[in-house]
Each structure stands twice: as structure tokens, then as C-alpha cells.
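These are my notes from looking up a few places in one structure. I took them one at a time and wrote down what I found.

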Amino acid sequence: MAGQLYLVATPIGNLEDITLRAIKILEQVDIIAAEDTRQTLKLLNHLKISKTLISYHRHNEEIKTKELINKLIEGKNIALVSDAGTPVISDPGDEIVKEAIKNKIKVTPIPGACALITALIASGIDAKEFTFIGFLPQNKKNRKEKLEQIKNADNTLILYEAPHKLLQTLEDIKPNIDQRKVVLARELTKIHEEFKTGTIEELQKDIINPKGEYVIIVEKNEKTQNQIKIENLNKLTIEEHYKYYEEMGIEKKEIIKKVAKDRKLNKNEVYKKFLK
Ligand code: SAM
């Protein structure tokens, strides 16, 4: 009979943030696949668990997935852990989960600490609906696209960032979020845990030399999707704006009304322009 793959959440700082079930699974499995075996060894020593560890990280994910899937098929039970928090969330694991499902191997999540949820619940920012962005892409084009998404988002946004890139990231998102409220959740569950709230500008003044781990939470854009759409249309030339509605099959008189309304212009002014 095939074994099971357990996705075990581990602490994000405070070693006591591990569930009884997670400890039981780590004790019972045959193998623990770990993002950084040295890091996991510290946790296992703390829990007084001795177990075979296999390294499983971004750079060996493909080859190790095959190896681990074979072991699961042979009947071994495997726990996957990352350095901290919930595996798969901005951490390795998605490959092996997909392959396990393909091979009809049971995948069991063992929930626990996760930095984005830990930060969100104490941030004071609307948690009803949110988008988790994770780390912003480093590639220029992809980063620009993501920043555009941030600008238009009508729900709370959550980002991860490394301390040495925090100031650059704050600078990059600044033009897209205006005066929206931002919370920086630092060193969660650790001795120096701290929540700072303000506009990006206020936070930039406050944080000169970022240290530790950070989650960035951005309040939703209060503007409606329609207001955002109109703002974007108003950045076009008036001809492009006209064409946008024309391509939607709207008739000329109606387009002129709409363009005038969007741009807060007099209808006759717009009409004269298009008569020319
Ligand atoms: N899988 C993890 C989870 O469940 O949250 C996230 C791993 S990701 C590689 C690491 C990032 O998570 C850090 O750069 C930071 O943005 C965030 N993070 C992890 N632990 C944190 C903590 N104790 N306090 C604040 N942010 C943390």
C-alpha cells in the first residue's frame, strides 16, 4: 500500500507554535523532507525527535520529487516541512503535491503557523477579502504587472519581503497606493514582534534600517472598480477614449455623452471636437 504525504506546518519563530498533531506526525513518519535540513534539525532536537531527513528545496525540487514519489509508492510515509510556517506558501512543495495527487497518493495537510495569516489577524486591516501576493517578482516586466495589480486591487493585499529588499519594495509600491494604510508586521511570534501602521511615506521615515522578517499588509483601494476604470480611461487621449467605447459597439451620441461625463467636460465641447 502506498504511503501518505503530510504537509506539516512548523513555527515561524516561537518554537511553541506547533500543533500536537504536527508533533505526532513528525514522530510517526518514515522520512521528513525538509527545505533546510539544518534548520529542521534544530526543531527536531527541540522536540526530541530523531528521523531520517532528506533535503527538498527549490533547486533540487524536480529530482527530489521523483525520488520522494517513488518512496511514497513503496509505502513510506513522508512529512514535508519548510524552514518556517506552512509548506507550499512561498515555499517549496507545490511540485510534490501535484505529483502525489497524479499518482493517487493521499496528501494530508497538517495546519499551523503561517506568516500571512498571523500578520493579517492582528493588523487591524479588513480581513474579509484579501489577495496574497507573496514576494514581488524580481523580473522587471513581471514586477511592473504585479504593481499594476496592487494599484487596482479592491481588497486587502499581503506581501512578503526580505529585510534587505524592504525599502526598495516600499518605494516601488508607493506610487500605486497613494495614502492607503499599510501595516508592517515584523518578527512575528518572536521577542521583537512589532506592528507599525501608517502611509508608506510615514513608514519610510520610521524604518531606516530594516531588520528581521516582514509581512506587508496594504489596505484595499476604496475606489470602486468603475472609478478605477474611468481614471485609466482618462489617461488615454480623447480619441483613444472615444475608440474604446466605439469598439464596445456603443453609438456615437452615447459615446460623446460618456466621454464627456468621464472627463468632466461639457458634452458640446466633446461633440465639436469630433465634428472637426
Ligand atoms: N511558508 C512561510 C509561511 O507559511 O508564512 C513563508 C515562507 S517565505 C520563504 C518567508 C517570508 O515569510 C519572509 O520573508 C517574511 O516575509 C515572511 N515571514 C516568515 N516568518 C515571519 C515572521 N516570523 N515574521 C514576519 N514575517 C515572516
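A residue counts as buried when its relative accessible area is under 20%, as exposed when that area is over 50%, and as partly exposed in between. I am working with a predicted model.

**Entry 1: R143**

I first looked up where R143 sits, and found it in helix 6, which covers residues 140–152. Is R143 buried or exposed? Its relative accessibility is 11%, so I put it down as buried. I then listed its contacts, leaving aside neighbours within four places in sequence. R143 touches L136, P137 and Q138, and also T169 and D172.

How many residues surround the ligand? I noted 19, and the closest are T86, I89, D91, Y160 and Y214.

I then went through some polar atoms around the ligand. A polar side-chain atom of D91 is 2.8 Å from a ligand nitrogen. For A115 the polar atom belongs to the backbone, and it lies 2.8 Å from an oxygen of the ligand. In the side chain of Y160, an N or O atom is 2.6 Å from a ligand oxygen. I also looked up how much of the ligand is covered: alone it exposes 570 Å², and the protein buries 92% of that.

**Entry 2: N60**

I found N60 in the loop that runs between strand 3 (52–55) and helix 3 (61–74). Its relative accessibility is 12%, which means that N60 counts as buried too. What does the side chain of N60 meet? I noted a polar contact of 3.1 Å with the side chain of S55. A polar atom of the N60 side chain also lies 2.8 Å from the backbone nitrogen of H57.

**Entry 3: E194**

My last entry is on E194, which is in strand 9 (residues 194–198). Its relative accessible area is 29%, so I recorded E194 as partly exposed. Leaving aside neighbours within four places in sequence, I found E194 in contact with L184, A185 and R186. I also checked E194 against A119, which is 75 residues away along the chain. The C-alpha atoms of the two are separated by 10.0 Å.

Conventions. Residues numbered from 1 in each chain as written. Predicted model: local features only at pLDDT ≥ 70, side-chain atom pairs only at ≥ 80, totals over all residues. Heavy atoms only, no water. Helix = DSSP H or I, 4+ residues; strand = E, 2+ residues; numbered from the N terminus. Buried < 20%, exposed > 50% of the residue type's maximum accessible area, 1.4 Å probe, protein only. Contact = heavy atoms within 4.5 Å. Near = heavy atom within 4 Å. Polar contact = N/O pair within 3.5 Å; in protein donor to acceptor, adjacent residues only side chain to side chain. Areas by Shrake-Rupley, 256 points an atom, 1.4 Å probe, with all protein chains shown as cover.
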